[in-house]
Amino acid sequence: MSTLTLKNIRKSFGDVHIIKGIELDIQSGEFVVFVGPSGCGKSTLLRMISGLETTSSGMISIRDRDVTHVPPARRGIAMVFQSYALFPHMSVADNITFGLRLSHAGKDEVTKKLAEVADILQLTPLLDRRPKQLSGGQRQRVAIGRAIIRNPDVFLFDEPLSNLDAALRVQMRLEIARLHQRLKATMIYVTHDQVEAMTLADRIVVLNAGRIEQVGAPIDLYEHPANRFVAQFIGSPKMNFLAAKIDVVEGRQMAVAGGIAVQLGDEVPAQPGEDVTVGIRPESLAIGGEGRQICQARIAVVERLGSETIAYAGVDGQEELLSIKLPANPQVRPGDLVPVTMTGQRVHVFGRDGISIRSQI
Amino acid sequence: MNDRLASAAMPSFNPWQAAIFVCLAVLALLFLAPTIGVLLSSLKTTEDIALGKLWSFPTSLYLDNFRTVLADPAIHTYFLNTLLIAVPATAGSIVLGILSGYVFAKLPFRGSDVLFLAIVAGMFFPPQVILIPLFRLFNGLGLLDTLWPMIFVHIAMGIPICTLMMRNFFATVPAALREAAIIEGASEWQVLTKVALPLSLPALAVLSTLQFTWIWNDFLWPLIFTQSDDKRTIMLGLVFLQGQYSVAWGIQGALSLIASLPTLIVFLFFQRYFIKGMTMGAVKG
Amino acid sequence: MEKDKTLWRVAMLIPPLAVFGILVVWPLFSSFYYSITNWNGFSADYRYVGFDNFLQIFHDPLFTRAAVNTVIWMLAAVIVPTGLGLVLALLIDSQVPGASVFKSIFYLPICLSAIVVGQIWVWIYQPDWGLLNTAINLVTGGNSHFAWLAKPGTALYAVIAAWSWQQTGLAMVIFLAGLTAIPPDLIEVCHIEGASSGQRIRQVVLPLLRPATVVVVALGVINSLKGFDILYIMTGGGPFNSSDTLAMHMYNESFKKYHMGYGSAISVVLFLIALAIIFAYFRQLRKVDEIYE
C-alpha cells in the first residue's frame with residue numbers, strides 16, 4: 001500500500017526553478033532517504049511534503065488523499081527539524097505534548113501518551129527539564145518525541161543529525177534505525193551525508209538540481225549507478241573516473257585512457273573510437289596480486305586509516321590521481337612505482353551524456 | 001527567512017492580511033498627522049492658520065516662513081553652536097568608547113565585568129542626578145556660558161553607550177585574529193587600530209548616527225549651562241524663538257522643521273544603522 | 001606578555017575612566033554631599049543641615065504631587081508604548097505589503113527632539129484650531145475650544161500622550177527585533193502542530209518575546225523617569241504644578257528657586273529609584289538569559 005505519492009511536483013520562484021518535476025511513490029512502512037549535495041532541492045521537497053512550502057504545480061497525496069493544498073497540521077505528517085526547534089520556555093513534557101494540548105485533548109490522554117513516548121525514548125527522567133538543560137542528543141530525542149506523539153502517517157526528518165558531533169551522530173543514527181523497526185512507520189529522511197543514507201534507507205532518492213537522478217535500494221545504487229552523478233555521490237572514497245576511448249585489441253573491447261587500458265568484455269554497446277568515461281571504484285583496484293594489470297602508477301600519497309589504507313597514485317597521461325583502497329597495512333611508500341590491478345569485475349562505463357552505458361561485465 | 005514563514009500552505013488571498021493592512025494604514029495616518037500638521041502650518045500664513053485653515057491643503061506654495069527663518073542670523077548662530085558641540089562630542093565619546101570597549105572585549109581582567117556593568121548602568125540614570133555638581137564644577141572653572149560644558153558632558157554621558165556597543169562589536173572579532181597579529185609582532189595598539197577598528201566600521205556608523213542625533217536634540221544641558229543668546233544651541237534657541245514668534249505659527253512650524261532637518265537627514269540615509277543602534281543599545285543593555 | 005597586557009589595559013582605560021569618573025561618578029557622589037547642605041547655588045557660605053532636606057521631602061506637597069505624577073507616567077509608559085508597540089510589531093511582522101514603509105512611519109518620531117515633539121503636540125492641543133479639537137468638533141458637530149494643556153485635569157495626560165507617540169516607535173522596533181530573533185522553525189512547528197494564529201501568538205510568540213518585553217518595559221520606565229524636555233516645553237510642569245514630575249520638580253527647586261541643597265536631595269531620591277529599576281532590570285535580563293540562550 002502506498003502512503004505517499006508525488007505526481008509531477010514542481011516549485012519555482014519566478015523564473016528560478018527549484019524542483020523540476022518529481023515523481024515518487026513511497027510504500028507504507030518504508031524508510032526513504034533524500035540525498036544530494038546542498039542546493040539540490042532535497043529540503044525544499046521535504047518541506048513541500050510537510051506543507052510548510054507551497055507547491056507550484058503537481059499533486060501530493062498521503063494515503064490516497066490529495067493534500068497538495070491542505071495545511072501542514074492536517075496532512076498527517078510530523079517533522080523533526082535540524083535545529084530540533086524546541087520551545088525554550090516550555091518543559092520537555094510541554095514540548096512533546098504541545099500539539100495534543102493545542103487540540104484540547106483530555107488530560108488523561110495527554111498523560112498516558114506522554115508516558116508512552118517518554119518511555120520509548122528514555123526521556124522519563126527529563127520531562128520537567130527545559131531544553132537548555134539538555135544535551136544535543138537529548139534535545140533531538142525530545143524533538144522526535146514530539147513527532148511520535150502525533151502518530152503521523154509519515155515522519156519527516158530534515159537533516160536531524162547534522163548539529164551533533166560525530167560520535168553522537170552514529171549513536172543517534174542507530175536509535176533512529178531502531179525506532180523505525182519498532183514503529184514500522186513511514187519515514188522520509190533528508191541528509192547530505194551518503195553514509196547516513198546508505199545505513200538508514202530502505203530506498204535512497206538521489207536528487208540533483210531539482211531532479212531525481214536515481215531511486216533504489218542502497219546496494220543497487222552502489223552497484224548499478226544510473227549515471228556519473230550517482231556513481232560519484234555514492235561510495236567513499238569516491239569512484240575513479242577516466243576519460244577514455246573505446247578500442248578493440250585482439251578482439252576484446254577495451255577502454256583506453258592515457259597509460260591505462262581496461263578490458264570491458266564484449267557486450268558494451270559502444271563503437272570503437274567512441275569517447276566514454278570509465279568509472280572504477282577504489283575498492284575494485286589493488287596493487288600487484290592476482291588481478292589483471294591495467295597500468296603502472298607512481299604512489300603519491302598513502303593514507304593509513306587503521307582498518308584500511310587509501311593510496312593515491314599518479315598515472316602517465318592522467319591528470320587526476322587514482323585512488324586505490326588497500327588492506328590495513330600494505331607495504332607501499334610514496335614514490336614507489338607499482339602495477340595497478342583490477343580485482344573486482346566491476347567497471348562502469350558512462351557515455352558522453354553521463355548516462356551509464358553498462359555497469360557490469 | 002520571512003518567505004519561509006509566509007509560504008506555509010495557505011490560501012493565497014487572506015482576508016486577515018487585508019484587514020491588517022487597512023488597520024496599519026489607519027494607524028499610520030494617525031501617526032503621521034502631527035508631522036503633516038507641522039508641515040502644512042509651515043506653508044501657510046499666520047492669518048490662514050488663525051482662520052482655521054490649517055488642516056486644508058495649501059492652495060499655493062507659501063515659502064515666506066522658511067525665508068524668514070533662514071534669514072534670521074540667530075538661527076545661523078544656533079546651528080553653528082550645535083555643530084561645534086555635536087561633532088567633537090560625538091567623536092570624543094566614540095574614541096573613548098573604543099578604548100574601553102576594546103579592553104572589556106579583548107583584554108578582560110578580574111572584575112572587568114562588574115566595572116563594565118557599572119559603566120553601562122550610567123546610561124540609565126536621569127541626568128538630573130548629576131546636574132547640580134556639574135553646574136558647580138563648570139561655574140568654578142569659569143566655563144559657564146561657553147560651549148565647553150556641553151562638549152565635555154556629552155563626551156562623558158556618551159561613554160556608557162559607546163563602551164557597550166564597541167565591546168559588543170569587538171567581541172565578534174575572532175580572538176584568533178588578535179592572536180595572529182600579536183604573534184606577528186603587533187602591539188595591542190596596532191591590533192586595535194589595524195585589525196579591530198577597520199572591521200568595526202558598521203559599529204562606528206551606528207554610534208555616530210546615534211550620538212549625533214542625541215546631542216543635536218539635547219535640551220537640558222544647554223538650558224543649565226548657557227545664558228547668552230549667542231551661546232544657545234538649536235533646541236534651546238527654538239524654545240526661545242517660540243516666544244519671539246509667539247503667534248506666528250507658520251514660522252514656528254518652519255523653525256521646527258529646519259531644526260530637525262539634520263537629524264531627519266541622518267534618519268533617512270542611515271535608518272538601518274539608526275534602528276540597529278537603538279535596538280542593540282537597548283537589547284544588550 | 002601578561003605584564004604588557006596590564007600596561008595596555010591601564011593605558012586604554014585611563015582616558016575613558018578619568019572622563020567618566022570626573023564628569024559622572026564624582027558628581028554623583030557630590031550630589032549626596034550637597035543633599036545634606038543648604039547650598040543656594042552661588043554663595044560660598046553654606047552649612048551642613050543633616051537630613052533636613054530629606055525630611056522636607058515628606059512635608060513638601062509639591063514633591064508628593066511630582067512623585068505621584070512620575071508613577072502615573074511610568075505606568076502609562078508600561079501600558080501605552082509597550083502595548084501599542086507590541087501590536088504594531090505583530091501587525092507589521094505579518095507579511096503585509098509595505099511593511100518597511102509602515103515601520104519607518106511609526107519610527108520617524110524617535111529621531112525628532114523632545115522639544116520639537118512637544119511643540120508639535122502643543123499645536124495639536126491648541127484650543128482654537130488644534131488637530132484634537134478640530135477632530136472632536138468634526139465628529140460631534142460641536143464647537144469645543146478645550147485647552148488641554150491649560151487644565152490641571154488633562155495637562156499631565158496630554159503630555160504623556162505626546163511622549164507615547166514618540167516612544168511607541170522605539171518599543172515597536174525592539175519588538176520587531178525580538179520577532180526576527182525567533183527561529184522560523186519554531187513558528188513552523190506551530191503550523192505542523194496545528195496551532196491557530198491566536199494559539200501561536202499566545203503560547204509561542206509572546207513567551208518568546210519575553211526578553212524583548214523586559215527591555216521595552218525597563219526602557220519605558222527609565223525614559224519616563226528622564227522625561228523632562230517635553231514637559232518643559234509643553235506645560236513647564238503646570239498648570240499649578242499639576243503635571244510636575246520628579247525630574248521637573250528637581251529642576252524647579254534647584255534652578256528656579258536655587259534650593260540646590262533640597263534639589264540635590266530630590267536628585268538622590270531620583271538616583272535611588274533609578275538604581276532600583278536598573279537592578280530589577282539586570283536581574284530580569286539574567287533570568288531571561290537562563291531560559292533563552
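**Sheet in chain A, helices in chain C**

Chain A holds an open, mixed sheet of 6 strands in the order E6-E7-E8-E3-E9-E10. Its edge strands, E6 (77-80) and E10 (211-216) of chain A, each pair on one side only. Helices (H or I, at least four residues) and strands (E, at least two) are DSSP runs, numbered from the N terminus; two strands pair if DSSP finds at least two bridges between them. The model is predicted: local features need pLDDT of at least 70, and side-chain atom pairs count only at pLDDT 80 or more. Residues are numbered from 1 along each chain, and chains are lettered from A in the order in which they are written.

**Chain A**
- E3 (residues 31-35) and E9 (residues 203-208) of chain A pair in the parallel sense over 4 bridges.
- Phe34(A) stands opposite Val205(A) in E9(A).
- Helix H6 (residues 166-183) of chain A lies across E3, E7 (154-158) and E8 (186-191) of chain A. H6 runs at about 160 degrees to E8(A). Axes are lines fitted to C-alpha atoms, for helices over the stretch in contact, with angles from 0 to 180 degrees between N-to-C directions. Contact means heavy atoms within 4.5 Å.

**Chain C**
- Chain C has 13 helices and 0 strands.
- Its C-alpha atoms fill a box of roughly 80 × 75 × 30 Å, taken along the principal axes.
- Of the 293 residues of chain C, 58% count as buried (under 20% relative accessible area, 1.4 Å probe, protein chains only).
- Among contacts in chain C with a separation of 6 or more, 68% join residues 24 or more positions apart.

Key:
Heavy atoms only, no water. Buried < 20%, exposed > 50% of the residue type's maximum accessible area, 1.4 Å probe, protein only.
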